[in-house]
Amino acid sequence: MADGSDKEVVVSNKQVVLKGYITGFPKESDMAITTGNIKLKVPAGSKSILVKNLYLSCDPYMRLLMRNEGSEIFSPYSPGSPITGFGVAKVLDSGHPDFKEGDLVWGATGWEEYSLLTTTEGLFKIQHTDVPLSYYTGILGMAGLTAYAGFYEVCSPKKGEYVFVSAASGAVGQLVGQFAKLMGCYVVGSAGSKEKVELLKNKFGFDEAFNYKEEPDLNGALKRYFPEGIDIYFENVGGKMLDAVIINMRVHGRIAVCGMISQYNLDQPEGVYNLMLIVYKRVRIEGFTVFDYYPQYSKFLDFVLPYIREGKIKYVEDIAEGLESGPSALVGIFSGRNVGKQVVIVARE
């Protein structure tokens, strides 16, 4: 506990820092690896916790924080300071009654070796360690809860419905497709390479999948895979894909808007031109954020852990070793370089 009685140990702390706000696609050179110092004790009387970061999650939303614009959900990064994201960490010292030394946690943390977390809001204690700890950056963390909430809560699926998932081999998409198959739905996914298309069909059990880069006519491609139309679209991409999907939605279809990665690096967002069809078809489009569903996290774990343990849900990670590899790993998700959930290993405990 933080009683200030022990001699304070100061250690070096490697960090990934944003140099300045950016436009266009992020580059490794937009970030720098710097080294600071940190005390391995929380300040006396503080309710902060000090953690050693083990695994960091690379997520598309992080690009949005690299420009000087806030939103209702996130504040932008501060140039010259470590970037932040979701991660798995071990508690080294705590002034908070709910956390103690040795606890494993997941939640928002810094891209650095050690972080002093001044708030524990949205920080979850890890209780189940019979699965890989890195899973808490994805399937058992933010990405998993996002897939669960977006599919089951927002889309209200029914057995036999036709489901389309874009960016389907990513951390969220791969899970949505498998959840849909467990419901008895017909599932098609889109991805950006032949390797990812094969992964969707052969590992994750999608009924069909296609490489959107090889489809000059997205509307035609969707008509080929959904001759009777789409009941549920799990939206990760936006832009031209969303426009084509709207044409192919069935009456009373549902679109859960999780993200729009095709728009994150554009100075001027692309328009959507087929919106009148949502009136004719009575389509419901709903955006959502995972934070709204944090109260359901324990329910989600009860649901997904047995499937993982029984091998009924597959999960693929793309692992980058060392904090120094963080900028390259993060930039890579915007060109589709990763296969599966992109994780950076800072330390293995």
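Guide: In this predicted model, strand S8, helix H3 (residues 173-182) and strand S9 make a right-handed β-α-β unit. Helices (H or I, at least four residues) and strands (E, at least two) are DSSP runs, numbered from the N terminus.

Visitor: What makes a crossover right-handed?

Guide: The strands are set pointing away from the viewer, and the path from the first strand over the helix to the second must then run clockwise. The chain also crosses from S9 through helix H4 (residues 194-202) to S10, and this β-α-β crossover is right-handed too.

Visitor: How do you know that S8 and S9 pair?

Guide: Two strands pair if DSSP finds at least two bridges between them. Strand S8 (residues 162-165) and S9 are joined by four bridges and run parallel, so they meet that definition. Val163 has Val187 in S9 as its bridge partner. S9 and strand S10 (residues 208-211) are also parallel, with four bridges, and Ser190 is partnered by Phe210 in S10.

Visitor: Why is S9 called mostly covered?

Guide: Five of the six residues of S9 (residues 186-191) are buried. Buried means under 20% relative accessible area, exposed means over 50%, and partly exposed is in between (1.4 Å probe, protein chains only).

Visitor: Why are Cys58 and Cys185 called buried?

Guide: Cys58 has 4% relative accessibility and Cys185 has 3%. The cut-off is under 20%, so both count as buried.

Visitor: What makes Arg254 and Glu161 a salt bridge?

Guide: A salt bridge is a side-chain nitrogen of Lys or Arg within 4 Å of a carboxyl oxygen of Asp or Glu. The closest N and O atoms of Arg254 and Glu161 are 2.6 Å apart, so the pair qualifies. Arg254 lies in strand S12 (residues 249-257) and Glu161 in the loop between helix H2 (142-154) and S8, so the pair ties together parts that are 93 residues apart in sequence. Arg254 is buried at 7%, and Glu161 is buried at 9%.

Visitor: How do you know that Glu270 and Lys240 meet in a salt bridge?

Guide: Their N to O distance is 2.8 Å, so it falls within the 4 Å limit. The two are 30 residues apart: Glu270 is in the loop between S12 and H7, Lys240 in helix H6 (residues 239-248). Glu270 has 32% relative accessibility and is therefore partly exposed; Lys240 has 59% and is therefore exposed.

Visitor: How many salt bridges does the structure hold?

Guide: There are 18. One of them joins Glu69 and Arg67 at 3.8 Å, N to O. Arg67, at 21%, counts as partly exposed.

Visitor: What are the ground rules for these values?

Guide: Residues are numbered from 1 along each chain as its sequence is written, and side-chain values use heavy atoms, with hydrogens and water left out. As the model is predicted, local features need pLDDT of at least 70 and side-chain atom pairs count only at pLDDT 80 or more, while totals for chains, interfaces and linings use all residues.
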